[in-house]
Amino acid sequence: MKKSQGIMLAAAAAVLIAAGTMIGVQTAKAVERAEQTHAAVYEEYRQLLAMADEAVLTVSEDGKVVGSYDLSQLGVLDDARDEVSAQFGELDRLSTEDFKSLSLLEKIRWNKEKHPKNVRVELPMTGFDPSPVMQDLARVPRREAQDAFMTYEDGSYRIHSEQAGTILREETVREGLKTQTSLISFGAAAQLQQSFELTDTECYHVPEITVENAGFDPAAELTSALDSMEIRVVFHTGEEVLDKNALAELVVLDESGEVRLAEDKVDALLGSWAQTYNTYDTPYLFNSYAGGVVPIEFLSCDYELNTQQLRNAIFDLIIAQQSGTLEAPYNCYDEDGNPFAVENTYVEVDIANQQMTYYKDGELIVNTDVVTGRVGASRTPTGLYYSHDKRVNRWLVGDDYCVFVKYWIRIWKAYGLHDASWRTIFGGDQYIVNGSHGCVNTPEEAMAKIYENIVDGTPVLVFNYAPPEQNPQANT
């Protein structure tokens, strides 16, 4: 009986030993599994933190890289790390070595819990700060946007399109940077590299005035300009006024914005003016030095309006958008139909004003007071003459005179231009009672200058025009 009880006790002990061994093995395996699981969880945690350190936003403008910025520079690295940590428990974040130092019970208990796997972390943007990017962008040279505008130059209206600038809309850029940065994520399907091209957004200030919204109207501008204009044309025998209505009829604006004349209407207008203001067999109008334009009765000519020149003068004022008064240009023809004019190079002897003037190639050479022939039988004959017979140091002899002159220029028969050393007074009314015998007495200095410059064949116009009450010779 005792032997049988001993056998039973031995068997029971063996069972207990076997059970303990089995429990020990199972525990060891549970701890091993816990440590393996923790290593995987911790590695995922560590990789997520590394991803936060590696994430970069690359910023470019018009294809040129401005810079690359990590999360620390953008102010969100700490928040990103915190967000990663929030996905894992305290024990999850223990290093492998620290986890191994835990008790068996803690390891087994941890392993029974649910642990993060294939975590995807979205980037928190609370602390986002784009200042480093904005500072780099501020160093890029920029140009202002240019509004559309219209110009008028040389008779043409031109509409100039708006031009885009590169001045940044900073708030738009900041929002774009924030949006693109927020796409960075860690873990499963990670997005660690993001790019932001400024020109993919409306990042620049745009012109306020565009061709589309400005409503440029060249025709209205031209009408407004003509409304304030008036062109007065003075003819020999009258004048005409082109007011805003008349001007509007004469002008057209083509599709390109160029101002042109309405040729048919201008031709009709100039033709009617020519019929009205052309004059025939009329005194020549001479532009004198002292008296302005005066009629020369002994020179008869035909005046025909120079319509082309007048057309150009009117158009020039229209192009300049200026009012003005025009002296109507004429072509003068002599009795044989040849062009005629006393201009450019000539001598004029103005009896009424007792002045002599000499032009050479359009340049004033001499203007001087003179003494012409005494009123009555000795008056200086009027007419258009031509200089000839230049001489120096000559004696002039007549019935009642014999005088020496240094400079002599004949104009007609015995009449000429010469110095008069015996005179001290020239001009005024000397010629009325103390005039010459018909020649033009001239101060020596002025006569010398004329003599040095004049050539034979130079026109010499001697005329006497003044109101009859002011001209003692008018009826002699």
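Author: Start with a loop. Asp-62 sits in the loop between β1 (56-61) and β2 (64-70). Keep in mind that this is a predicted model.

Reader: Is Asp-62 buried or exposed?

Author: Asp-62 counts as exposed, because its relative accessibility is 65% and the cut-off for exposed is over 50%.

Reader: What is phi of Asp-62 near?

Author: Phi of Asp-62 is near 55 degrees, which is a positive value in a residue other than glycine. Most residues other than glycine have a negative phi.

Reader: Which strand holds Asp-281, the other one with a positive phi on my list?

Author: Asp-281 lies in strand β12, residues 279-288. Its phi is positive at about 50 degrees, although Asp-281 is not a glycine. Asp-281 is exposed, with a relative accessible area of 63%.

Reader: New topic. How many helices and strands are in the chain?

Author: The chain has 13 helices and 24 strands.

Reader: What does the C-alpha trace span along its principal axes?

Author: About 205 × 50 × 35 Å. The radius of gyration of the chain is 56 Å, whereas a compact globule of 476 residues would have one near 23 Å.

Reader: And how much of the chain do buried residues make up?

Author: Of the 476 residues, 38% are buried. The chain exposes about 26700 Å², and carbon and sulfur atoms supply 49% of that area.

Reader: Let's do a helix. Which residues of α8 are buried?

Author: In helix α8, residues 218-227, the buried ones are Pro-218, Leu-222, Ala-225 and Leu-226. They are on the same side of α8, because they cover an arc of only 95 degrees around the axis.

Reader: What do the buried residues of α8 pack against?

Author: They pack against β4 (149-153), β5, α9 (244-250), β10 (251-253) and β11 (259-261).

Reader: Pick something in β5, then.

Author: Ser-156 is in strand β5, which covers residues 156-160. Ser-156 counts as buried because its relative accessibility is 8%, and the cut-off for buried is under 20%.

Reader: What is Ser-156 in contact with, leaving aside neighbours within four places in sequence?

Author: Thr-151, Gly-257 and Glu-258 are in contact with Ser-156.

Reader: Back to helices. Which residues are buried in α2?

Author: Leu-77, Ala-80, Val-84 and Ser-85 are buried in α2. These cover an arc of only 135 degrees around the axis, so they are on the same side of α2. On the other side of α2, Asp-78, Asp-82 and Ala-86 are exposed.

Reader: And where is Ser-95?

Author: Ser-95 is in the loop between α2 (77-86) and α3 (96-100). With a relative accessible area of 23%, Ser-95 is partly exposed. Not counting residues up to four places away in sequence, Ser-95 touches His-38 and Tyr-42. Ser-95 and Arg-46 are 49 residues apart in sequence, and their C-alpha atoms are 9.3 Å apart in space.

Reader: How far apart in space are Gln-322 and Ala-352?

Author: They are 38 Å apart, C-alpha to C-alpha, and 30 residues apart in sequence. Gln-322 lies in the loop between α11 (307-320) and β14 (324-327), and it counts as partly exposed at 45% relative accessibility. Leaving aside neighbours within four places in sequence, Gln-322 is in contact with Met-229, Ile-231 and Leu-317.

Reader: One last residue. Where is Thr-368 found?

Author: Thr-368 is in strand β18, residues 363-369. At 10% relative accessibility, Thr-368 counts as buried. Beyond neighbours within four places in sequence, its contacts include Gln-354, Gln-355 and Met-356, and also Thr-442, Pro-443 and Ala-446.

Key:
Residues are numbered from 1 along each chain as its sequence is written. This is a predicted model: local features need pLDDT of at least 70, side-chain atom pairs count only at pLDDT 80 or more; totals for chains, interfaces and linings use all residues. Side-chain values use heavy atoms; hydrogens and water are left out. Helices (H or I, at least four residues) and strands (E, at least two) are DSSP runs, numbered from the N terminus. Buried means under 20% relative accessible area, exposed over 50%, partly exposed in between (1.4 Å probe, protein chains only). Contact means heavy atoms within 4.5 Å. The radius of gyration is taken over C-alpha atoms; the globule rule is 2.2 Å times the number of residues to the power 0.38. Accessible areas come from the Shrake-Rupley method with a 1.4 Å probe; for residues, only the protein chains shown count as cover. The arc is that of the directions from the helix axis to the C-beta atoms.
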